[in-house]
Amino acid sequence: MSQDNTGPMMNRRGILRMTGAFAVVGLGTATAGGAPADAAEALSSSARARGGLVHPGMLHTQADFDRMAAKVKAGAAPYKAGYAVLAANSHAQSTWKPNPLARVVRGGDGTNVGTLYHDVHAAYQNALRWKVTGDRAHADAAREILNAWSAKLTALDGNADRFIAAGLHGYQFANAAEIMRDYPGFDLARFQKMLVDVFYRQSSDFLAHHNGAYVTNYWGSWDLLSIACVLATGILCDDRAKVDEAVTYFKSGKGNGSVKNLIPHIHPGGLGQWVEVGRDQGHATLGVGLAGAIAEMAWNQGIDLYGYDDNRLLKGFEYVAKWNLGHDVPYTAWMWNYGAPGVWSGSQNLTAPSADSRGARRPIWESIYHHYVNRRGLDAPYVTEYAKMVRPEGGGGNYGEGGGFDQLGFGTLAFTRPKAIVPAGAPVPSQGTTAGTATAPAAGRPATDGSGGPRAQGGKGDDLAATGTGEVAAVAATGVLAIAGGIIALRRRGARDSG
């Protein structure tokens with residue numbers, strides 16, 4: 001992904017209502033919900049209840065690692081196939097040796113960013129293999145990569161593409177470090193400093209100033225990768241202000257990556273027009289992957305961006321999936337205004353979805369599918385079809401160079417989860433305008449997987465944690481929490497959006 005800044009050719013490239021022990025969670029005065037189904041999730045909820053951020057708590061929680069490990073050991077499908085793809089990847093070998101640089105360049109003379117992203121993905125893949133198998137050789141390899149880079153990297157340069165490198169590889173690096181944060185010999189403090197100084201500062205500056213250009217100049221995916229880096233940095237560094245910064249921008253930022261600008265039109269039937277579908281499908285699906293990663297990282301900290309604004313992301317995900325699966329979608333003409341103050345300006349009227357790169361097969365759909373369908377009990381037919389088509393997902397190194405490293409991948413292994421079951425009579429997740437009106441559930445209807453977060457509700461979705469503004473949200477559901485052999489009954493009541 002890159003962008004040429006020389007003119008029109010730039011387009012190349014509530015309070016939680018519950019009786020039970022784990023009620024107060026999230027950011028500032030925020031609260032969060034969800035009925036943990038096992039001891040690992042109970043510990044995660046307990047950490048939030050004490051006011052801290054959850055660790056591990058980016059793309060994966062400890063309960064996720066426990067599930068992966070148990071399923072792979074049992075040879076269960078599709079986990080076994082998902083792990084086989086990971087184990088076969090050259091980056092996932094414990095023999096990988098880091099090649100750290102003091103200065104990374106993306107865009108222009110001296111571009112060497114490939115050296116960085118190959119090591120980032122090797123760190124993540126080895127860390128993931130360690131969590132699944134317990135083989136410390138992989139943990140040692142991941143630790144050495146992370147330590148080598150934090151000891152040497154001081155600068156990230158290049159043309160405007162440097163912001164792409166900061167966002168993409170900053171959030172990816174942070175995810176590898178989050179997995180390894182308590183591993184003996186890993187210098188977490190030094191890595192945190194590098195992440196802030198080299199990656200976060202550029203991503204935060206981009207969201208604030210957009211490289212001196214008009215805020216509309218950059219496409220939604222540029223904002224999203226910057227949001228992902230800011231959010232991941234906040235989690236790794238236990239910095240609530242940075243988490244708030246990312247969540248606030250996602251909800252109300254001025255750029256094309258803020259959710260209502262990212263999905264500017266909701267069409268009859270509930271399809272949400274994704275801003276970059278009019279550009280090309282490589283970047284549209286890149287944005288889907290980034291938005292999914294942001295939503296999953298936020299979810300694991302008790303913040304529901306998946307369901308924000310009446311499941312707006314789901315409507316956008318379905319739109320992108322439907323078009324890329326070969327179906328027609330409605331389209332409202334959208335004007336792209338680009339340029340920089342006092343330098344140049346222009347506009348391009350996009351009147352139809354682009355066929356460029358249509359059918360792109362990025363490994364991004366499993367996390368989205370398993371959240372909406374299996375964790376929240378919603379219908380997502382086009383996302384479901386796309387996830388089946390790409391399954392089992394690979395990761396960096398499985399999809400070629402460059403854009404093949406835009407996402408961490410391996411979602412079939414990491415995000416597959418069974419459909420959750422709730423007692424008969426529990427509230428049905430409303431799907432807003434996405435799939436019609438909710439009806440009373442039959443016994444055993446899937447609704448929440450007990451992953452520490454909520455299932456979908458009516459109205460405008462669930463906002464589980466406020467962003468330092470004193471907002472609170474309520475989450476509705478009925479569930480049972482099993483902890484250390486005891487059963488604590490939890491009752492959660494009607495939800496509404498507080499944002």
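The following dialogue reads selected features of a predicted model.

Q: How should I read a salt bridge here, and how many does the structure hold?
A: Side chains of opposite charge can pair when their charged atoms come close. In this predicted model, the structure holds 19 salt bridges. One of them joins Arg 143 and Asp 140, whose closest N and O atoms are 3.5 Å apart. These two residues are three apart in helix 5 (residues 136-152), so about one helical turn separates Arg 143 from Asp 140.

Q: Are Arg 143 and Asp 140 buried or partly exposed?
A: Arg 143 has a relative accessible area of 18%, and is therefore buried, since buried means under 20%. Asp 140 has a relative accessibility of 28% and counts as partly exposed.

Q: Which salt bridge links distant parts of the chain?
A: Glu 296 and Arg 375 meet through their side chains in a salt bridge with an N to O distance of 3.0 Å. The pair links distant parts of the chain, with Glu 296 in helix 11 and Arg 375 in helix 13 (residues 365-375), 79 residues apart. Both Glu 296 and Arg 375 are buried. Elsewhere, salt bridges that share partners join Asp 64, Arg 67 and Arg 417 into one network.

Q: What can be read from the span and the burial of helix 11?
A: Helix 11 has 19 residues, and the distance from its first C-alpha to its last is 26 Å, close to the 27 Å expected at 1.5 Å a residue. As for burial, 19 of the 19 residues of helix 11 are buried, so this helix is largely enclosed by the rest of the structure.

Q: Which residue caps the N-terminal end of helix 11?
A: Asp 280 is the cap, with a side-chain oxygen 3.1 Å from the backbone nitrogen of Gly 282. Asp 280 also forms a salt bridge with Arg 279, in which the closest N and O atoms are 3.8 Å apart. Asp 280 is buried at a relative accessible area of 5%, and Arg 279 is buried at 6%.

Q: Where does the side chain of Asp 304 make polar contacts?
A: Asp 304 is placed in the loop between helix 11 (281-299) and helix 12 (308-324), and is buried with a relative accessible area of 0%. The side chain of Asp 304 reaches the backbone nitrogen of Tyr 306 at 3.1 Å, while a polar atom of that side chain lies 2.8 Å from the backbone nitrogen of Gly 307.

Q: In what sense do strand 5 and strand 6 pair?
A: Strand 5 and strand 6 (residues 344-350) pair in the antiparallel sense over seven bridges, and Tyr 338 has Gly 346 in strand 6 as its bridge partner. The two strands form a hairpin with three residues between them, and Gly 342 in the turn has a positive phi of about 75°. Strand 5 (residues 334-340) is mostly covered, five of its seven residues being buried.

Methods
Residues numbered from 1 in each chain as written. Predicted model: local features only at pLDDT ≥ 70, side-chain atom pairs only at ≥ 80, totals over all residues. Heavy atoms only, no water. Buried < 20%, exposed > 50% of the residue type's maximum accessible area, 1.4 Å probe, protein only. Helix = DSSP H or I, 4+ residues; strand = E, 2+ residues; numbered from the N terminus. Pairing = 2+ DSSP bridges. Polar contact = N/O pair within 3.5 Å; in protein donor to acceptor, adjacent residues only side chain to side chain. Salt bridge = Lys/Arg side-chain N within 4 Å of Asp/Glu carboxyl O. Expected span 1.5 Å × (residues − 1).
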